Amino acid sequence: MRFGVLGPLAVWTEDGASVPIPEAKVRALLADLLIHEGRPVPADRLIEDLWGRRLPRNPVATLQTRVSQLRRALEAAEPGGRDLVVWQPPGYRLAVSPDAVDAGRFRVLVERARSTEDAQTRKTLLTDALALGRGPAYADVADEEFARSVAVRLDKERITAQGEHALARLDLGEQPSPVDEIGDLVTRHPLCERLRAVYLRALYLAGRQSEALAAYAELRERLADELGVDPGPELAALYERILRQDPGLQATAPGSTMVDSRAGAVAAPGGASGSTSVPEPGPGSVSDAGSGPGVGSGSAAVSGPVAFAAAPSPTFGLPVALTPLIGRADAVARVRALMAAERLVTLTGPGGVGKTALAVEVARDLPPPVSDGVPGVEAVGFVDFVDLDPATATPADVVETITRELRTAAGVGGELRALAAALASRRLLLVLDTCEHVVDAVATVAEGLLRAVPGLRILATGREPLAVPGERLWPVPPLPVPAPEAAPEVPMGHAAVELFVERVAATVPGFRADADNAAAVATICRRLDGIPLALELAAGRVRGLGVAEVAARLDDRFAIVASGRRAGPTRHRTLRATLDWSWDLLSPPEQAVLRRLSVAEGGWRLPDAIEVAGAGGGDLDVVDALTRLVDRSLVAMTVEPDGPRYRLAESVRAYGLDRLWEAGELAGRRRVST
């Protein structure tokens, strides 16, 4: 069965017969699954995408009904069609190969075109790719929030291919010249710098040098008026070459592409890059794969196997913080110092402790390639592995994800060697986020890249180490909280309190810590273990309950910190969801030890753990499981003069007690407190 998204949503059988998909919501469901390209989509995400705030009476049951309708429609068209819609934790996925979707075939054809030096072959492949289009991508759902960005990206990829197709025809000397066709594209997409570069060259080759110079001046004026910036350095260099009638403009490099670096990237499919007829880069320059999120200035094409924007602080996908990072100034400085000396640093810690926020802050505003003699980086790439399926993810999937985020053609197909070769001459910092659920695959790729790319540094985050040679761990601690014996006075001066008060004040204007609420605020910060995510979720309940009531209800913390964020990763929307994510990554023996250890109050030693967790466990290897729980940031261990001492954070302990009760093991368990 084949699927079409380059136009209105369409489905065809293998023999080309159209498959009707009934009802708008069923079509939207299919579109959502196609957008995720075979990755599982959580049920709550699908519900939010399909209904938003206008939820049906029973959202889960209604979603299941729509899934059944989609399965029936596919099965009626072709035997076995219902099996394409698969339930796979944490949600549903469409089990089809990329070449079964027209967008996937489009990308393959374009990549093949870019890899050939023959202009006729490029033209033929691009003609075939463009013929797949039937209109605006995801036309019937393009206005939906879940589809909008993907639809825009696919349409921009089509524009890129149209320009490359015209460029191939220009190289072939076809008549009539495609100059005016390129001019029409420029009129519709006036801020696309790489498209403008092709237009300038086409005008020049057609003997219309003055028009080429005027077209550059028009873009420069438009950018200044609308965005307050100048054309990118590569386009400016092309302008200079036209001025001096550089003979090199008569030849076009194979695989030329275009990019719009200011009004939204018009990137090659999957972020592919190539080279165009502009000067070779100078020392320390970086090549261009289109502007990823966070790129601060323009870019156009330069030669080189990997494309990074030529900007003062080029970043790819690095998130922009929506709230200030509180209480981490010392941590940022220490991790940056560690990064200056080490090539692989992994930030570990429990869920919600702020690993990602710290990594992003560390990566932001790193020194340029050389700063006071200290090596820096040319570019920063941020790669989040949250969408990878822990049950099926392979190193090839990790390579594909990195390739996509860096917007480079190298590594497409999961080839580690190709990606390493493309990065070999670059000074790059890769931030690899959310590694814990695919840690083996990430570790394999990280080690391979570090061995092959001398200028590469990696800053990873996860709930456990990558366990790669040369790795340096930096456990991210919870925020400091007031001591239990502290006097009941205004508890400011502790980072946990500062964070909690700041987040409450965001929804309760004028809120501050004072003598009346000091005890309640301190209690909340202590009992939530100084974990930033838990404090933020609790702060969101103060508006409806008041700070004293929130503190009083923390014995039932998973209820009081239950209503969380509407956006962001599902695992960060509630306190329980954060712990569920960690729990689901544990093996059955590790789960058994964790829930049994939840009866241990305060701190305890290894013999206590063996006695409590191993009781009735047969050959359960408590020591090995306990070690793994420490590695996974669920059990804290400190080394004292008389040996290691262990403890559970209060929220982890409460969660473990719930799991112990669910397993029917709570009765008769001896509580340990040492």
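Being 4 residues apart in helix α9 (residues 209-226), R222 and E218 are separated by about one helical turn. The two residues form a salt bridge, in which the closest N and O atoms are 3.3 Å apart. R222 has a relative accessibility of 28%, so it counts as partly exposed. E218 is also assigned to the partly exposed class, because its relative accessibility is 33%. The model described here is a predicted one.

Side chains of opposite charge can pair when their charged atoms come close. A search of the whole structure finds 37 salt bridges. Some further examples follow.

Helix α6 covers residues 145-171 and holds both R148 and E145, which lie 3 residues apart, about one turn of the helix. R148 forms a salt bridge with E145, and the closest N and O atoms of the pair are 2.6 Å apart. Are these two residues buried or exposed? R148 is partly exposed, with a relative accessible area of 36%. E145 has a relative accessible area of 60%; the cut-off for exposed is over 50%, so E145 is exposed.

In helix α25 (residues 650-662), R659 and E662 are 3 residues apart, again about one turn of the helix. A salt bridge joins R659 to E662, with the closest N and O atoms 3.4 Å apart. E662 has a relative accessible area of 49%, so this residue is partly exposed.

## A network of charged residues

Salt bridges can also be linked to one another. Which residues are linked in a network of salt bridges? They are E37, R39, R107, R153 and E157.

## How α1 packs on α2

Two packed helices are described by the angle between their axes and the distance between the axes. For helix α1 (residues 24-35) and helix α2 (residues 43-51), the angle is about 130° and the axes are 10 Å apart. That angle makes α1 oblique to α2. The crossing of the helices α1 and α2 is right-handed.

On the α1 side, the contact is made by K25, A28, L29, D32 and L33. On the α2 side, the residues in contact are L46, D49, L50 and W51. Sorted by class, the contact of α1 with α2 has 6 nonpolar and 3 charged residues, and no polar ones.

## L46, a residue of α2

L46 lies in helix α2. Its relative accessibility is 0%, so L46 counts as buried. Which residues does L46 touch, not counting those up to four places away in sequence? They are L29, D32, L33, V41, L63 and Y92. L29, D32 and L33 are among the α1 residues that make the contact with α2.

One of these contacts can be described further. L46 and D32 are 14 residues apart along the chain, and their C-alpha atoms are separated by 7.4 Å.

## T348, a residue of β7

T348 is placed in strand β7, which covers residues 344-348. The relative accessible area of T348 is 7%; the cut-off for buried is under 20%, so T348 is buried.

Leaving aside neighbours within four places in sequence, T348 is in contact with K355, G462, E464, P465, L473, W474, P475, V476 and S633.

How values were computed
Residues are numbered from 1 along each chain as its sequence is written. This is a predicted model: local features need pLDDT of at least 70, side-chain atom pairs count only at pLDDT 80 or more; totals for chains, interfaces and linings use all residues. Side-chain values use heavy atoms; hydrogens and water are left out. Axes are lines fitted to C-alpha atoms, for helices over the stretch in contact, and angles run from 0 to 180 degrees between N-to-C directions. Helices (H or I, at least four residues) and strands (E, at least two) are DSSP runs, numbered from the N terminus. Angles under 35 degrees count as roughly parallel, over 145 as roughly antiparallel, 65 to 115 as roughly perpendicular and the rest as oblique. A crossing is left-handed if the near helix is turned anticlockwise from the far one by less than a right angle, and right-handed if clockwise. Contact means heavy atoms within 4.5 Å. Ala, Val, Leu, Ile, Met, Phe, Trp, Tyr, Cys and Pro count as nonpolar, Asp, Glu, Lys and Arg as charged, and the others, Gly among them, as polar. Buried means under 20% relative accessible area, exposed over 50%, partly exposed in between (1.4 Å probe, protein chains only). A salt bridge is a side-chain nitrogen of Lys or Arg within 4 Å of a carboxyl oxygen of Asp or Glu.
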